[in-house]
Amino acid sequence: MASDATGVGFTGGVGIAGLTARHPAARRPAAHRSAGRPFPAAGPWGHVLRRSAHLLPAVAVVALLAVPSAPAGDGSAGSGSVADAASGLLVLHCLVRVLRDRARPLTRTAAVVLGLPVLGVTVAALTAHDPGSTLPGIARYLQIFVLVPGALLLLLRDRRDVRLVAGSVVVLALVQGAIGVTQYLTGTGASYMGEEIRAVGTFGPTDVMGMATVVAYGLVICVGFALSPGADGSAADGRGQHVARVRRAVALGCAGLLAVPLVLSFSRGAWIATAVAVALQLTLSGPRRAVVVVLVAGALGVVLVGGLGIGSQMITERLDSITRVTDAPDQSVTDRYTMWAAATDMWREHPVTGVGLKGFPAHRDSHASLALSAASDTEGAGLGFQRQPLLSPHNMYLLVLSEQGLLGIVALAGSWAALLVRALRRLPGAHRSRTGADCGLAVTGLLIWQLVDFSYADIGGPSTVLTAVMLGLAARWALGSAGRPTESEAGRA
């Protein structure tokens with residue numbers, strides 16, 4: 001027994017001694033090893049990239065909107081683009097992660113709010129005259145209002161992620177705005193009043209609202225960041241306050257830069273929506289900041305239009321045309337109001353479910369008056385003269401009402417209203433705690449901008465995927481956790 005015990009002890013001792021002899025590092029404590037031979041440091045940028053790697057699919061969707069897309073064969077803006085393909089990969093990426101984690105992806109409230117549009121779209125597709133022709137419409141509605149916003153709700157972990165994705169939108173807006181200003185100065189933009197000066201960016205004359213939408217989004221985001229009350233509560237020291245001041249100054253400067261291409265887009269709907277959104281942001285941020293920003297914006301407008309004379313005459317005429325609804329309106333205004341009347345007539349005939357998804361073009365001529373020109377002229381920005389068909393009423397609410405009826409408009413508008421109400425309810429707490437108030441102001445402004453702009457525009461064209469990104473940011477603020485993620489939320493994201 002003694003011999004066996006000694007043998008076992010000896011054998012074990014030799015094994016351990018041999019192991020430590022062959023691997024001297026094993027004898028040193030872990031702290032001593034790390035001090036003697038430190039691992040290479042990744043640096044601050046390496047840490048940022050490693051922490052933000054999960055956002056690459058979302059940032060790719062935004063970045064690929066800078067890639068020009070060819071118009072459809074009928075002269076319209078079309079709908080498929082590389083950014084749309086990237087949004088599909090984003091949804092697939094999030095679906096794979098949800099299946100892999102085997103966790104409940106959305107709260108009950110989030111599932112109801114984001115799932116409401118499915119009801120109206122499904123019923124409208126089933127009641128359409130040709131259900132097979134509605135498949136592209138189903139895919140488009142689900143992409144913009146359900147799938148991409150839901151994917152971003154799952155992907156964005158906290159307010160820092162919201163800032164990064166929103167920042168990528170600002171970068172895209174600056175790029176598109178720079179191209180638009182160049183088009184105006186060099187006479188290479190879309191045709192406007194006989195001159196090729198309309199700023200359209202890379203979206204071309206078939207999607208004249210594309211650049212205006214991108215630039216307006218960027219401006220509203222910058223205003224939200226500039227109106228932030230200060231550093232977050234977690235960084236309310238001297239350095240945190242300095243970073244917050246620099247961030248607000250940069251955001252205000254970018255907002256001023258983006259105001260120039262927005263004006264040169266000559267988009268009346270974008271001007272109105274931006275004015276309403278910024279006014280609301282100023283009201284929510286406090287009267288003192290509101291007065292300062294209004295004075296700065298007024299001075300900038302005087303310098304740009306009055307001092308430098310940037311498009312002063314045409315801008316004045318464009319502003320005056322907003323009020324000329326019944327007194328000598330231009331043809332675009334006449335076409336718009338004629339299509340609005342046609343959409344209303346369609347709804348009166350089919351009040352509950354509408355004429356069916358993608359049914360507006362087929363029913364347009366039987367409900368529109370002879371004042372409708374049926375197509376608009378497009379030219380410039382690298383394309384020759386084309387007649388662009390008017391396939392929608394250029395009013396999202398009337399488009400949904402005519403094609404999906406009361407059921408569709410209640411479901412879709414109810415989803416947007418729920419997002420807005422929940423976003424507004426979170427703002428006071430964010431202001432008090434100084435945690436993410438900049439994100440809340442930016443997101444609320446984006447929602448207001450879109451809801452107002454939908455009175456003058458609808459979905460369609462390559463820039464539409466950015467609307468889905470905006471709704472995803474809104475969903476993260478309104479339906480996600482208010483501050484840093486909980487452990488379970490981080491695991492799901």
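This is a predicted model: local features need pLDDT of at least 70, side-chain atom pairs count only at pLDDT 80 or more; totals for chains, interfaces and linings use all residues.
Student: How far apart are the end C-alpha atoms of α5?

Tutor: With 20 residues at 1.5 Å a residue, α5 should span 28 Å (the expected span is 1.5 Å times one less than the number of residues).

Student: What arc around the axis do the buried residues of α5 cover?

Tutor: The buried residues of α5 are A83, D84, A86, S87, L90, V91, C94, R97 and V98. They lie on the same side of α5, because the arc they cover (taken from the directions from the helix axis to the C-beta atoms) is only 160 degrees.

Student: Which helices are included in what covers the buried residues of α5?

Tutor: Cover is judged here by contact, meaning heavy atoms within 4.5 Å. The elements over the buried residues of α5 include α4 (56-63), α7 (135-155) and α18 (464-479).

Student: What is the area of the nonpolar surface patch that includes V96?

Tutor: V96 is found in helix α5 and counts as partly exposed because its relative accessibility is 48%. A patch joins residues with over 30% relative accessible area and no salt bridge, like charges within 9 Å and nonpolar side chains (Val, Leu, Ile, Met, Phe, Trp, Tyr) within 5 Å. Together with L89, L92, L95 and L99, V96 makes a nonpolar patch of about 500 Å².

Student: Which residue forms a salt bridge with D84?

Tutor: A salt bridge is a side-chain nitrogen of Lys or Arg within 4 Å of a carboxyl oxygen of Asp or Glu. The closest N and O atoms of the pair that includes D84 are 2.9 Å apart. The pair links distant parts of the chain, 56 residues apart, with D84 in helix α5 and its partner in helix α7. Both residues are buried, and the partner of D84 is R140.

Student: Which residues are linked with D438 in a network of salt bridges?

Tutor: The side chains of D438 and R163 meet at 2.8 Å, N to O. D438 lies in helix α17 (residues 437-453) and R163 in helix α8 (residues 159-186), so the pair ties together parts that are 275 residues apart in sequence. D438 and R163 are both buried. In the network, D438 is linked with R163 and R247.

Student: Is D345 exposed or partly exposed?

Tutor: The side chains of D345 and R348 meet in a salt bridge of 2.9 Å, N to O. These two residues are separated by about one helical turn, because they are 3 residues apart in helix α14 (residues 331-349). R348 counts as exposed because its relative accessibility is 55%. D345 has a relative accessibility of 29%, so D345 counts as partly exposed.

Student: Where is F266 found?

Tutor: Although F266 is a residue other than glycine, its phi is positive, near 55 degrees. With a relative accessible area of 0%, F266 is buried. F266 is found in the loop between α10 (238-264) and α11 (268-285).

Student: What is the relative accessible area of K358?

Tutor: K358 also has a positive phi, of about 60 degrees, although it is not a glycine. Its place is the loop between α14 and α15 (360-367). K358 counts as partly exposed because its relative accessible area is 47%.

Student: How many helices and strands does the chain have?

Tutor: The chain has 493 residues, of which 46% count as buried. Among contacts between residues at least 6 apart in sequence, 79% join residues at least 24 apart. The elements of the chain are 19 helices and 4 strands.

Technical notes:
Residues are numbered from 1 along each chain as its sequence is written. Side-chain values use heavy atoms; hydrogens and water are left out. Accessible areas come from the Shrake-Rupley method with a 1.4 Å probe; for residues, only the protein chains shown count as cover. Buried means under 20% relative accessible area, exposed over 50%, partly exposed in between (1.4 Å probe, protein chains only).
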